[in-house]
Amino acid sequence: MQRFSGKKAIVLGGTSGIGLAVCRRLRDEGANVLAASRRGRTETGEEGIETAACDVLDREALDRLFSAHASFDFLVCAATGGPRARGPFLNMDLDAFQASFAKLWGYTNAVHSGTPHLVENGAIVLISGSPARKSGPGMLAISTVGNAVEGFARALAPEIPPRRINVVSPGTIDTPMFPMEGDERARYLRDQTGSNAIPRAGRPEEVAEAVLFLLGNEFVTGTTVDVDGGALLP
């Protein structure tokens, strides 16, 4: 039996990477799925997944999207918001550091606009990342934004019951976010994950499984689930 049969889901950032994997799993579990992104389409086309163009930094566009598809059961935010600054903080362009928070602003826009259109016991899942609690070299901006995303969910959770909000925190995941190809890509992912307890990059489908758990379990709110191959272990 499909556990989400008859449910309606909106996935922001849902046309590639982790977001697309979430859309596919929700579709396979019987949900009606809308994948929205700035591009507004998947690269290959996906049967059974509706698509729409929407920038999470455009509040009016979000309002129109949510109003047109209300009401819905699930809201997943996997949009990156834009580029993210890397490097040592004291050498960093502070405008680039500030721009990294577009991910947080996109999430807060989406949650503020979308929550009123959720069904009474609806659920929200945000995507952060393992640097939020274990920052590697040059990852300070990404870490700070991830901390903010996780703190936002914890702080909001007591305000919105019976609706729920949770976070999934992935480690290094093999997605189109990394532009390298071939041997260069393989070396990069190997270097990033070689010291993990599970020494490989994760798959988007493995993160999607955690997202579906949080959407479906009605006894979980305000928490973060790590899917990182043990990246946070000592």
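Good morning. I begin at one residue pair: Ser 169 has Asp 226 in strand β7 as its bridge partner. This is a predicted model, in which local features need pLDDT of at least 70 and side-chain atom pairs count only at pLDDT 80 or more, while totals for chains, interfaces and linings use all residues. Residues are numbered from 1 along each chain as its sequence is written, and side-chain values use heavy atoms, with hydrogens and water left out.

Let me place that pair in the sheet. Helices (H or I, at least four residues) and strands (E, at least two) are DSSP runs, numbered from the N terminus. Two strands are said to pair if DSSP finds at least two bridges between them. On that basis, 7 strands form an open sheet with parallel pairing, in the order β3-β2-β1-β4-β5-β6-β7. Its edge strands are β3, residues 49-53, and β7, each of which pairs on one side only. From one strand to the next, the twist averages 20°. For such angles, axes are lines fitted to C-alpha atoms, for helices over the stretch in contact, and the angles run from 0 to 180 degrees between N-to-C directions.

Helix α1, residues 17-28, packs on this sheet and touches β1 (8-12), β2 (32-37), β3, β4 (72-77), β5 and β6. Contact here means heavy atoms within 4.5 Å. The direction of α1 makes about 170° with that of β1.

I turn now to strand β6, residues 164-170. Is this strand mostly covered or mostly open? It is mostly covered, with 7 of its 7 residues buried. Buried means under 20% relative accessible area, exposed means over 50%, and partly exposed lies in between, for a 1.4 Å probe and protein chains only. In a regular strand the side chains alternate between the two faces of the sheet. In β6, Arg 164, Asn 166, Val 168 and Pro 170 point one way, while Ile 165, Val 167 and Ser 169 point the other way. The residues of both sets are buried.

Next, the neighbours of β6. Strand β5, residues 118-127, runs parallel to β6 and is joined to it by 5 bridges; Ala 123 stands opposite Arg 164 of β6. With β7, residues 224-227, β6 pairs in the parallel sense over 4 bridges. There, Val 225 is the bridge partner of Val 168.

Strand β5 also pairs with β4, in the parallel sense and over 5 bridges. Cys 77 stands opposite Leu 126 of β5. Because 8 of its 10 residues are buried, β5 is largely enclosed by the rest of the structure.

The next topic is charge. The structure holds 12 salt bridges, a salt bridge being a side-chain nitrogen of Lys or Arg within 4 Å of a carboxyl oxygen of Asp or Glu. Asp 226, with which I opened, forms one with Arg 133, the closest N and O atoms being 2.6 Å apart. Asp 226 lies in strand β7 and Arg 133 in the loop between β5 and α5, so this pair ties together parts that are 93 residues apart in sequence. Asp 226 counts as partly exposed, at 34% relative accessibility. Arg 133 is also partly exposed, with a relative accessible area of 42%.

Which residues do salt bridges with shared partners join into one network? They are Arg 3, Arg 25, Glu 29 and Glu 209. Between Arg 25 and Glu 29, the closest N and O atoms are 3.6 Å apart, and both of these residues are buried. For the salt bridge of Glu 209 with Arg 25, the corresponding distance is 2.7 Å. Glu 209 belongs to helix α7, residues 204-216, and Arg 25 to helix α1, so this pair ties together parts that are 184 residues apart in sequence. Arg 25 has a relative accessible area of 17%, whereas Glu 209 counts as partly exposed at 36%.

Finally, the surface. Phe 89, Leu 90, Leu 94 and Leu 140 form a nonpolar patch with about 420 Å² of accessible area together. Patches are made of residues with over 30% relative accessible area and no salt bridge; like charges are joined within 9 Å, and nonpolar side chains (Val, Leu, Ile, Met, Phe, Trp, Tyr) within 5 Å. Accessible areas come from the Shrake-Rupley method with a 1.4 Å probe, and for residues only the protein chains shown count as cover. Leu 140 lies in helix α5, residues 140-156, and is partly exposed at 34% relative accessible area. Thank you.
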